[in-house]
Amino acid sequence: MKETNKRKIAISTWYMPSNYGTGLQALALARYCELLGNKVYFVKDNRKKEEKNDGLNEQIQKVKKKLYKIASGEWNAQRKKRVEIEVRENLQQQFINDYISVFYLNTDDDVKKINEKMDVFVAGGDQIWNPYVLEDINLLSFTSRTAHKISYGTSVGVADIPEKYREIYINNLSDFSKISVREMQSKKALQKFLDKKIEIVVDPTLLFDEKGWAFLLEKAKIDETYKSKKYIFCYFVGNRKSYWKYVEKIKKETGLEVVYLPIRYEGFKNPHSLFVSASPAEFLWLIKNAEIICTDSFHATLFSIQFQKEFYVLKRFKDTSQESQNGRL
């Protein structure tokens, strides 16, 4: 089939691979749509409204962050890993170059063009409908009222959407032709105020089995020392001290080495073996070849199940917190 005859799909979701699950869910949804014979683009809105003194405020925040890093020892910890961090950044950029085609909305004219060019608009997976991090673009607000719009495996992330935000959802989702989410919790949260049928589907990463991820696993750049190593793989999106008490308990019981992939600045001070230079391919490899996985990540949990591993999920939030995302797991 010639590309000119392919149906064109624009997906609005988070796709940056710095949070590995985010990058992989975006890749999975795009790849699945492409295998069905479509041409897929991700959408990025660069139309930022300039605010007075915004540049100054940004500089102040940068200085504050740097001072905090120096005072806490994070800057020194990162400096020691600067070569590995640079490798990781290059690997992640290569991931985007290889798998992600982006349609940039730089001007209002670009908005007009994308509405003319695309056949279908998709609000993709992940927590893009979480009210506490909501962006208009992920409600497909840039599309015309007559555009063909659906969502696939989207997540609200929390158990309830505060009433002050609900009108935003109603205004933007009322003209979606199909809405699907990945959890019962998300369906219940939306169904409280949205008069539309909402279906539950699997997360995009589960559209492929283990064999379906082989194309990416084979691209993992792994040092030979890891290929014979037996280890506990730790990947945490949050930062709770209680995590490491649990990890130490498992380490003591099993005698296995701990390999930790840090994504937060605090992680670079961790005393365990750090695997810093990782793209989504290395992230998958580390899960697939671990003896045990400890994580608070939704997607690390899904891949642990998919690769049939022994794994332990630790709670990132207090269950009583209004912003708790524990219900996803």
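My entries on what I looked up follow.

**Ground rules.** I am working with a predicted model, where local features need pLDDT of at least 70, side-chain atom pairs count only at pLDDT 80 or more, and totals for chains, interfaces and linings use all residues. Residues are numbered from 1 along each chain as its sequence is written, and side-chain values use heavy atoms, with hydrogens and water left out.

**Helix pair.** I began with α1 (residues 20-35) and α4 (residues 82-99), which pack at an angle of about 15° with their axes 11 Å apart. That angle makes α1 roughly parallel to α4 (under 35 degrees counts as roughly parallel). For the record, axes are lines fitted to C-alpha atoms, for helices over the stretch in contact, and angles run from 0 to 180 degrees between N-to-C directions. Helices (H or I, at least four residues) and strands (E, at least two) are DSSP runs, numbered from the N terminus.

Which residues meet here? I found Y20, G23 and L27 of α1 against R88, Q92, F95 and Y99 of α4. By class, this contact has four nonpolar, two polar and one charged residues (Ala, Val, Leu, Ile, Met, Phe, Trp, Tyr, Cys and Pro count as nonpolar, Asp, Glu, Lys and Arg as charged, and the others, Gly among them, as polar).

**H299.** Next I looked up H299, which lies in helix α12 (residues 298-306). H299 counts as buried because its relative accessibility is 4% (buried is under 20% relative accessible area, exposed over 50%, partly exposed in between, with a 1.4 Å probe and protein chains only). Leaving aside neighbours within four places in sequence, H299 is in contact with G21, T22, Q25, D126, R182, D203 and T205 (contact means heavy atoms within 4.5 Å).

**Sheet.** I then traced an open sheet of five strands, ordered β10-β9-β8-β11-β12 with parallel pairing (two strands pair if DSSP finds at least two bridges between them). β10 (273-274) and β12 (310-313) each have a single partner strand, so one side of each is left without a neighbour in the sheet. Four bridges join β11 (residues 292-295) to β12, and C294 stands opposite Y312 in β12.

**Positive phi.** Last, I noted two residues other than glycine: L140, with phi near 60°, and Q308, with phi of about 55°. L140 lies in the loop between β4 (120-123) and β5 (149-151), and Q308 in the loop between α12 and β12. Buried or exposed? L140 counts as buried at 2% relative accessibility, whereas Q308 counts as exposed at 70%.

Terms used:
Parallel < 35°, antiparallel > 145°, perpendicular 65-115°, else oblique.
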